[in-house]
Amino acid sequence: MALKDLPTKECYIPGSAACPGCPATIALRIVYKALGKNTVKVVPACCTAVIESLHPHTSFDIPTMNIAFEAAAAGASGVEAGLRMQGKTDTTVVAWAGDGGTYDIGIQALSGALERNTNFIYICYNNEIYSNTGIQRSGATPYGAWTTTTVLGKTEFRKEMGEIIMAHHIPYSAQTCIAYPEDLFKKLRKAKSINGPKYIEIMAPCPPGWRFPMEKTVEMGTMAVETGAWALYEVEKDKITFNGKSKLILEGKIDRKPIDDWIIYQGRFRHLFRPKKDTKRIKEIEEHIEKMWERYRSCYL
Amino acid sequence: MKYKRDPKRIRQVLGKKVQFILGDMACVYGGLLAGCSFFGGYPITPASEVAEGMARRLPRVGGTYIQMEDEIGSIAAVIGAAWGGAKSMTATSGPGFSLMMENYGFAAMTETPCVIVNVQRTGPSTGQPTLGAQGDMMQARWGTHGDFEAIAFAPSTVQECMDFTIEAFNLSEKYRNPALVMTDGEVGHLRERIIIPEEKDLKLIDRVEATIDKKKFIPFTNSQTRKNCKVPDFPTFGTGYRTYVTGLTHNEKGFPATDKQPDHERLVKRITEKIIDDADKLVSVEKFNLDDAEIAFVTYGASARPTESAMEMGRKNGIKVGMLRLKIVWPVPEKEVHKLAKQVDKIIVPEMNLGQMVHPIREAANGNCEVICAPKIGGEIHYPDEVYKYLEAK
């Protein structure tokens, strides 16, 4: 499938209050194209809860509920049950949350909904920080990254949410990235066609949060995948398939680009390069990623 | 690394004596000065600056900042840290404060000293992030289930954000009860001049640690080392005292007594009376033009600022009006308000909600004068003339 084959119908309409270069809007546009108008969206506290509908504008035309921070998946469980009670089983129920609302405060509700076999799609747009409250660290923030609460760089590595989700043995889960709209679209369409809980996580580089120029959002996404910091894969009935460049990296057909190539362009890692290059921490990041790929190879190849 | 309050180091981190800073940052300064060594944070507007300020500064004075996975985690970690021996605090706003409610009660029930800064924003629910309100005043008092007593400050200025955070630590340590700094988005995001007090002017209170013979120690009863004191000595974890801390109704030894009425009554009466008995000592108010007043404003926090202007307008126009500003809102200074109610014809309570503190104030007035509410909601403080019009209303 090529980009030109995506539906021309737009459900994400002008009126967003997002920052220029916002990855969430890039992703939402594809999400709406893939899922269509017969969709209900549940959103916890996150950037989207603010940017999509600041009066008098609105940037979408599907029913949406902005619910409490910890409650996206639980709220979606209720919406799904309510619609089912009305006999409406063809409506797609989507929970759309950021990484804070997924990795941290929302993981309890998410895990519960997956375990209860709720028929919905949970989408996490992961920009690796709490951006809505002004760039604080989250469970998804990578090691070494500056945030307003990790001023010298984060001292812990991020969680592997994809593998936590895998441990729930749900029918479908996937990792994708805003830089690959066809991949995102395909995964959403597949998720829509499957009954039961589905989880899709979208890598979403955030210009103000990561400190890079707003026109570089897509490039940052591409580099996240090409350096192996982020992997594109999907898991169907416990069988994992890597996609695109990630597949080639897994199979050893191409080499990962050095992590420097990605992080040097992000102001959040500036302290690793100036005034002196912090080779120790950069090496630790590189080794951590390599270890992740070794695990992928040993488990999934 | 063991934390020891090091005044020199703290002052190095805080910097100049006179500064122009945010209300939120003043809470950070207050915490550091008080000897806070643990902060459990979670980002929420308009309180994030407190967490950010602590994340930067606390490690530099030897303390620990942990960003938790949610506000339930923050308050729970703060409680844990207190039992581990730290003076601990967290900061949040409306939705986070709601999430903290269960553990807020746990802290009261287990007599855990800790400080919560609530930079209030409008609610219910997500409300208006970044815009101030005073809508959590009743939640501070009644938000968690069961009987307990609240200790809450309401700063009107950035200076008070710092001073009251120190005071909140003092009272929380003294009474072994959570203490709240109920500031709001307006004061929290206000920049003003503050003066950092000299070390010799700081009065800091630390919890009284258990020191008696370990075999004779009883953890949840009147102090065994102080006379007529209903606050038990604190058996910090790791000091060798047998300590069992539970939110279940517990007997004096700390063990669950969930089916025994007398145990519950004795426990809950003690943990409330330790504060009620001292309520008169806890009164902290500021009086303006009350000597000859016929009308009085009773207010607190950000609302006191426009109210003071309204009072001055009234005085200029020949209205005998005064103002009573509550610095500590919980416990309510009932005797002060009662005395005032006997003197004036009318009490007006301007507050940034639809009427919360007006209720205990009306109760304290006990019918001696009319008590009316001057509400304002929507994330703005009152304009002085909005308050003034209540002076002229018949």
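This note walks through some features of the structure above, point by point.

1. A word on the basis. This is a predicted model, in which local features need pLDDT of at least 70 and side-chain atom pairs count only at pLDDT 80 or more, while totals for chains, interfaces and linings use all residues. Residues are numbered from 1 along each chain as its sequence is written, chains are lettered from A and ligands numbered from 1 in the order in which they are written, and side-chain values use heavy atoms, with hydrogens and water left out.

2. Helices (H or I, at least four residues) and strands (E, at least two) are DSSP runs, numbered from the N terminus. B:Arg207 has a relative accessible area of 8%, so it is buried. Buried means under 20% relative accessible area, exposed over 50%, and partly exposed in between (1.4 Å probe, protein chains only). A polar atom of the B:Arg207 side chain lies 2.8 Å from the backbone oxygen of B:Ala86. Leaving aside neighbours within four places in sequence, B:Arg207 is in contact with residues including B:Pro113, B:Glu173 and B:Phe234; contact means heavy atoms within 4.5 Å.

3. Next, have a look at the open sheet of chain B, where five strands follow the order E10-E12-E11-E14-E15 with mixed pairing. Strands E10 (285-288) and E15 (370-375) of chain B stand at the edges with a single partner strand each, so one side of each has no neighbour in the sheet. Neighbouring strands of this sheet are turned by 20° against each other on average, direction ignored. Two strands pair if DSSP finds at least two bridges between them; E11 (residues 295-300) and E14 (residues 346-351) of chain B run parallel and are joined by three bridges. B:Ile295 stands opposite B:Lys346 in E14(B).

4. Helix H10 (residues 304-316) of chain B lies across E10, E11, E12 (321-326) and E14 of that chain, running at about 165° to E12(B). Axes are lines fitted to C-alpha atoms, for helices over the stretch in contact, and angles run from 0 to 180 degrees between N-to-C directions.

5. In chain A, helix H5 (residues 107-115) has buried residues, among them A:Leu110 and A:Leu114. The buried residues of H5(A) pack against elements including helix H3 (72-85) and strand E4 (121-126) of chain A. Just after H5(A), A:Asn117 takes a positive phi of about 65°.

6. Aromatic rings deserve a look too, with 25 aromatic pairs over all chains. Rings of Phe, Tyr and Trp (its six-membered ring) pair if their centres lie within 6.5 Å; planes under 30 degrees apart count as stacked, over 60 as edge-to-face and the rest as tilted. A:Trp96 and A:Tyr125 are stacked, because their ring centres are 4.7 Å apart and their planes at 15°. This pair links strand E3 (residues 92-98) and strand E4 of chain A, with the two residues 29 residues apart. Both A:Trp96 and A:Tyr125 are buried. B:Phe217 and B:Tyr241 form an edge-to-face pair, 4.9 Å centre to centre with 65° between the planes, and both are buried.

7. Finally, B:Arg141 lies over the face of B:Phe148, 5.7 Å from the ring centre, and over the face of B:Trp330, 5.9 Å from the ring centre. A charge sits over a ring if NZ of Lys or CZ of Arg is within 6 Å of the ring centre and within 35 degrees of the ring normal.

Notes: Polar contact = N/O pair within 3.5 Å; in protein donor to acceptor, adjacent residues only side chain to side chain.
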